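Hello,

Here is the structure I said I would pass on. My notes follow below it.

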Amino acid sequence: MTSTPQRVIPGRSRSTAEQQRTRILQSAVAVFAHAGYHATPVTEIAEKAAVSPAYVFRLFPGKLALFVAAVNQCYAQVADALVAGGEAAGPVGPDGILDAMTDAYVDLIGDRDLIMLQVHAQSACDIPEIREAVRAGVSLVVRAVARVSGAEPAAVQRFIAYGQLCHLIVQADLHDLTDSWAETLTDGMRHNGPQAAR
């Protein structure tokens with residue numbers, strides 16, 4: 001008795017692999033965000049993505065490549081959110097567009113995984129591949145903000161600087177403090193509370 005070969009649908013396996021890659025990257029962002037590059041085993045990411053470690057290594061050549069891809073994904077998500085917020089602002093001028101981008105970013109980082117991953121990536125910049133990923137990500141964000149807002153370089157610099165301050169406020173829960181030093185840092189800053197831990 002001969003078996004009938006299964007019909008191969010063109011593009012089907014590639015689509016499945018791309019979907020798996022996306023799911024693994026989403027899991028990698030979440031897991032790396034909590035333990036960083038050095039302390040995170042690939043087995044933990046595989047478990048969260050519901051795949052085998054061998055399958056992760058089939059799509060990514062190693063943990064470093066997976067971390068770099070997660071960092072790239074993180075910065076791309078930030079840039080996409082800022083662009084969408086800026087483009088939705090309408091004809092309000094550079095300052096109005098930057099304000100809309102701020103609101104979009106505040107909404108985005110209600111999920112702490114994105115800022116935690118950025119912090120972990122910055123702390124691992126002694127590794128050349130991670131340093132290059134951080135530089136490329138920041139470049140992507142800065143260029144997107146400048147292009148969509150039309151703002152002068154000094155205004156873009158302030159926007160990025162306030163974003164870093166926003167990271168500190170959210171990560172250290174400074175918005176809950178009434179001490180004068182904390183109020184100095186949080187005055188006029190918009191933020192969302194952290195999402196419930198998943």
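**The largest pocket**

The largest pocket has a lining of 26 residues, and those nearest its centre are Thr102, Arg158, Phe159, Tyr162 and Gly163. Please keep in mind that this is a predicted model. The space in the pocket comes to about 570 Å³. By type, the lining residues are 14 nonpolar, eight polar and four charged. Helices H4 (63-87), H5 (93-108), H6 (112-123), H7 and H8 (153-171) each supply at least two residues of that lining. H8 gives the most, with nine residues.

**Helix H7**

H7 covers residues 128-149. Its 22 residues should span 32 Å at 1.5 Å a residue, and the end C-alpha atoms are 31 Å apart, which agrees. Buried in H7 are Ile130, Ala133, Val134, Gly137, Val141, Ala144, Val145, Val148 and Ser149. These residues cover an arc of only 105 degrees around the axis, so they sit on the same side of H7. An α-helix has 3.6 residues a turn, so residues three or four places apart point the same way. On the face of H7 turned away from the buried side are the exposed residues Arg135, Arg143 and Arg147. Gly150 follows H7 and has a positive phi, near 70 degrees.

**The annotated region**

The UniProt record, an unreviewed entry, places a "DNA-binding region" at residues 41-60. In the model, the chain over residues 41-60 is 75% helix and 0% strand. The end C-alpha atoms of that stretch are 14 Å apart.

Regards

How values were computed: Residues are numbered from 1 along each chain as its sequence is written. This is a predicted model: local features need pLDDT of at least 70, side-chain atom pairs count only at pLDDT 80 or more; totals for chains, interfaces and linings use all residues. Side-chain values use heavy atoms; hydrogens and water are left out. UniProt positions are given in the numbering used here, feature names are shortened, and annotations may be inferred rather than shown by experiment. Helices (H or I, at least four residues) and strands (E, at least two) are DSSP runs, numbered from the N terminus. The expected span of a helix is 1.5 Å times one less than its number of residues. Buried means under 20% relative accessible area, exposed over 50%, partly exposed in between (1.4 Å probe, protein chains only). The arc is that of the directions from the helix axis to the C-beta atoms. On a 1 Å grid over the protein atoms alone, a cavity is a set of points where a 1.4 Å probe fits but cannot get out, and a pocket is an open set with protein on both sides within 12 Å along at least five of seven lines; lining residues have an atom within 4 Å of a point. Grid points are joined across faces, edges and corners, and a volume is the space filled by probe spheres set on the points. Ala, Val, Leu, Ile, Met, Phe, Trp, Tyr, Cys and Pro count as nonpolar, Asp, Glu, Lys and Arg as charged, and the others, Gly among them, as polar.
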